[in-house]
Amino acid sequence: MIIGLSGRNGAGKGEVLAYLQSRSFYAHSLSDVIREELRRQGLSETRERMIETGNAIREKRGPGGLATLLAEQILPDRNYVVDSVRHPGEVEVLRGRASRFQLWWVDADEAVRLARMRARGRGGDPTAQQLLAVQALADATLRNDGTIAELQAQVQALLERSLFFERPSWDEYFMAIARVVASRSNCVKRKVAAVITRDRRIISTGYNGTPRGTLNCNEGGCPRCNSFAEGGTRLDECLCSHGEENAITQAAYHGVVLKGGTIYTTFSPCLICTKMIINAVLTEVVYNADYPLGQTSLDLLREAGVKVRRAAA
């Protein structure tokens, strides 16, 4: 979840930010993006420079430029709160970054805000016109005319109403891991990988590439791949082992029993790998994309009683 905070100066955004931080939200501020740029340029921070530099970033990268730079630091495995959302373009970027983004508008009576700003020695907000547009996009509004405890109670109630949790299916989970495994491939034509599981536990992985102890494909080790041969031709010259093949042989190397397991592979298996899958007594093949000339393999798997299905992309 990403929660964006916006509101006029003195409304109490800092109190909301602190409360969310105490609830394990990772805090960022779009103003910090500007401060980092000032540090990069060796400039001291002043209100005028903050405004000028923020406008320069938006001019160069678009209205959501600050959020675009911040989004590079956002990871999918944690909750975030982002302060100082001041432009509709920033809201658009953050909504596109997370499947669950909420914009919270923090507000207070003008007299209350002015008193707080005087106490802090701060002026009004220079982007008031854009803030009105941001306010119109808010998913929720928090009133901060009373005590901090009252504001925190509103935040807690909003969090409880906004509970959101999703996780991938087992197919999505293992196929995503297979894609990461594929990134280790040294084949110059196609990166392919396989993950073998039993009882929803990974017992072997493999990716395509030249055999152990030989020159890597991307270093010129496979003549067929390095000449980018036409699909289905010169297969007798290919020195690369397939991902399924390596997953099965790695299991044999380490003495891991595959019988009854499921193999997740980023492409449907070729005929050679299919025969290995059948003889290793794997009971299910889940694949993501069709392998060229792969229909015979799929037919043979089904004839041998191996379950075959294509996972969602």
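Helices (H or I, at least four residues) and strands (E, at least two) are DSSP runs, numbered from the N terminus; contact means heavy atoms within 4.5 Å. This is a predicted model, in which local features need pLDDT of at least 70, side-chain atom pairs count only at pLDDT 80 or more, and totals for chains, interfaces and linings use all residues. Residues are numbered from 1 along each chain as its sequence is written, and side-chain values use heavy atoms, with hydrogens and water left out.

Next, select Cys-273, Thr-274 and Ile-277, the buried residues of α12. Buried means under 20% relative accessible area, exposed over 50% and partly exposed in between (1.4 Å probe, protein chains only). Seen down the helix axis, the buried residues of α12 fall within an arc of 105°, so they line one face; the arc is that of the directions from the helix axis to the C-beta atoms. Ile-272 and Asn-279 are exposed on the other side of α12. Just after this helix, Val-281 has a positive phi of about 60°.

Ser-268 counts as buried because its relative accessibility is 2%. Its side chain reaches the backbone nitrogen of Tyr-291 at 2.7 Å.

Finally, select α2 (residues 30–41) and α3 (residues 47–61), which pack at about 95° with axes 9 Å apart. Axes are lines fitted to C-alpha atoms, for helices over the stretch in contact, and angles run from 0 to 180 degrees between N-to-C directions.

Conventions: A polar contact is a pair of N or O atoms within 3.5 Å; within protein, one must be able to donate a hydrogen and the other to accept it, and residues adjacent in sequence count only if both atoms are side-chain atoms.
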